[in-house]
Amino acid sequence: GDDPDAPTVCAWNTVLIGCDQPLTDDVRTVSIKENTPRIAEKPYIVFKDNAWYLMKPEEEENVNGATYKSRQDTEILFDKVYVATPNDNSSSINEKLSAGTHIIFSPGEYTFTEPLIVNQDNTIIYGMGIPILKMNTDATDCILVKPGLTGIRMSSILIQATAKSLKSNLLTIGDKGATANDCYYYDIFTRSGGPDTDPVGCDTM
């Protein structure tokens, strides 16, 4: 109505962090924080000077608004990147990870029989088209990020439970309660169910 003091009916709450547009917080469903205390934007891919690069945005503090023009992103040539396909298995990908190679998952459905182990600092795992990763062995992890690592970036993947993952963890990051240094995870989805017709599940998403 016209009553400025009347409560605003809304089906969700909104949290705005680090926005540089003129906003007000007089609506009870909106929470505003002027600066983002710490952030690193999602990795992305560019083509320039006849070469492909995987870009790793730097970590920033107290950010307000877009910073892509002033940010110093790290350029990673594709000779240090492995583009996986659904024909790859966990052993071939783990060999690349152990060598410090960054992994791009092309679109598709991947089935693994052993965990993917991230054991090197500054590793990037990047999904294109939200690839689906399945663990086909029980009592293990689909993806394990070793404790104490720094600079990890993981984005845009879907980890799916199967009929053989009932005692498995879909994603394990470090040790419980430990602090991750400069590690960021974006758009990581986990699913138990989905298109499967057989009973599926996992111990921990």
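Reader: Why is K48 called partly exposed?

Author: Its relative accessible area is 33%, and partly exposed is the band between buried (under 20%) and exposed (over 50%), using a 1.4 Å probe and protein chains only. So K48 lands in that band. Bear in mind this is a predicted model, where local features need pLDDT of at least 70, side-chain atom pairs count only at pLDDT 80 or more, and totals for chains, interfaces and linings use all residues. Residues are numbered from 1 along each chain as its sequence is written, and side-chain values use heavy atoms, with hydrogens and water left out.

Reader: What makes K48 and E75 a salt bridge?

Author: The rule asks for a side-chain nitrogen of Lys or Arg within 4 Å of a carboxyl oxygen of Asp or Glu. K48 and E75 come in at 2.3 Å, N to O, so the pair qualifies. K48 is in strand β4 (residues 44-48) and E75 in strand β7 (residues 74-77), 27 residues apart; strands here are DSSP runs of E, at least two residues, numbered from the N terminus.

Reader: How do you know that E59 and R38 form a salt bridge?

Author: Their closest N and O atoms are 3.9 Å apart, and the limit is 4 Å, so they pass. E59 sits in the loop between β5 (51-56) and β6 (60-63), while R38 is in strand β3 (residues 36-39), so the pair ties together parts 21 residues apart in sequence. R38, E59 and E61 are linked in a network of salt bridges.

Technical notes: Helix = DSSP H or I, 4+ residues; strand = E, 2+ residues; numbered from the N terminus.
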